[in-house]
Amino acid sequence: TEYETILVDTRGRVGWITLNRPDALNALNTQVMRDVVAAASAFDADEGIGAIVLTGSERAFAAGADIKEMESKSGLDILMDDHFGGWATFAAVRTPVIAAVSGYALGGGCELAMMCDIILAADTAKFGQPEINLGVIPGMGGSQRLIRAVGYYKAADLVLTGRMMDAAEAERAGLVSRVVPAAELLDEAGRVADTIASKSLPSVYAAKAALDAAMETTLTEGLRFERHVFASLFDTADQKEGMSAFREKRAPDFQNR
Ligand code: HXC
């Protein structure tokens, strides 16, 4: 497939998506949304892929939704063409996605990182929801996912002031899974992705679904969901393989079945 705004690459069982609009600091326009959604959906449909890495450039993961594309739109335009709706498809992929963030992750860029399952940050990363500086507010999850990630008071500080936070603050706040030196970001993302992709895919899908449920539902419902999904994995060959490998003191050979 030909993509205009991203680079796509498969390394072993890991699918890589690199945002590639260097002149606009990877601002997320409609074409980027189409490309990322198409590439992620294709990886998601491929059983040979066990994890996805989404990254940008050294200077920017993504500096936000494309302000120049949005500027002249009316509210009705945004409502009727569901301007950002495609991102929901990206957020719903079953394969774990690792965001490898270097430089700016602002506005829609921060929101895109928060649609991923693990956020690895270079020590140069800067996160923020600066929409308030433009006379608007976050529109792709920044007022909702950010609160779930960092709590009300840190989220309100960011969303209301529009300030940026550095990688260390983002890690302390719980937005970032790990911070690594910038030069090691992609290698580390590859290692994390390889590790996940070495597991049994049915258990990985189940784990992501259970984690997602925790963000969405009550404790009682979430525990019920977890219990059912846990039980269902005992009907996989990989559960028998994983547990017999443990007993036999050898590495498991998973078949994704
Ligand atoms: C369109 C953008 C852009 C954006 C940067 N560029 N961010 N274009 N949309 N979000 C373009 C600039 O216009 C410029 O192009 C080029 O990228 C390089 O940016 P500079 O500003 O020259 O770089 P620098 O001085 O280093 O400043 C970097 C920056 C700044 C601090 C990240 O670019 C910035 O503040 N960007 C906007 C950040 C932002 O407000 N994001 C939130 C967007 S609203 P030219 O051709 O002019 O040189 C949003 C809504 C989400 O995301 C909700 C949607 C539903």
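Reply: A residue counts as buried under 20% relative accessible area, as exposed over 50% and as partly exposed in between, with a 1.4 Å probe and protein chains only. By that rule, 45% of the 257 residues of the protein are buried. The model is a predicted one, in which local features need pLDDT of at least 70 and side-chain atom pairs count only at pLDDT 80 or more, while totals for chains, interfaces and linings use all residues. Residues are numbered from 1 along each chain as its sequence is written, and side-chain values use heavy atoms, with hydrogens and water left out.

Leaving aside residues up to four places away in sequence, threonine 95 touches Phe43, Asp44, Ile49, Gly50, Ala51, Ile52, Asp117, Tyr205 and Lys208, where a contact means heavy atoms within 4.5 Å.

The protein has 12 helices and 10 strands. Its radius of gyration, taken over C-alpha atoms, is 19 Å, close to the 18 Å that the globule rule (2.2 Å times the number of residues to the power 0.38) gives for 257 residues, so the protein is as compact as a globular protein of that length. Along the principal axes, the C-alpha trace spans about 60 × 40 × 40 Å.

Arginine 148 belongs to helix H6 (residues 145-150) and, at 49% relative accessibility, counts as partly exposed. Between arginine 148 and aspartate 166 there are 18 residues in sequence and 19 Å in space, C-alpha to C-alpha. Tyrosine 153 counts as exposed, with a relative accessibility of 71%.

The structure holds 3 aromatic pairs, a pair being rings of Phe, Tyr and Trp (its six-membered ring) with centres within 6.5 Å, called stacked when the planes are under 30 degrees apart, edge-to-face when over 60 and tilted for the rest. The rings of tyrosine 152 and tyrosine 153 have centres 5.1 Å apart and planes at 80°, so this pair is edge-to-face.

Note on methods: Helices (H or I, at least four residues) and strands (E, at least two) are DSSP runs, numbered from the N terminus.
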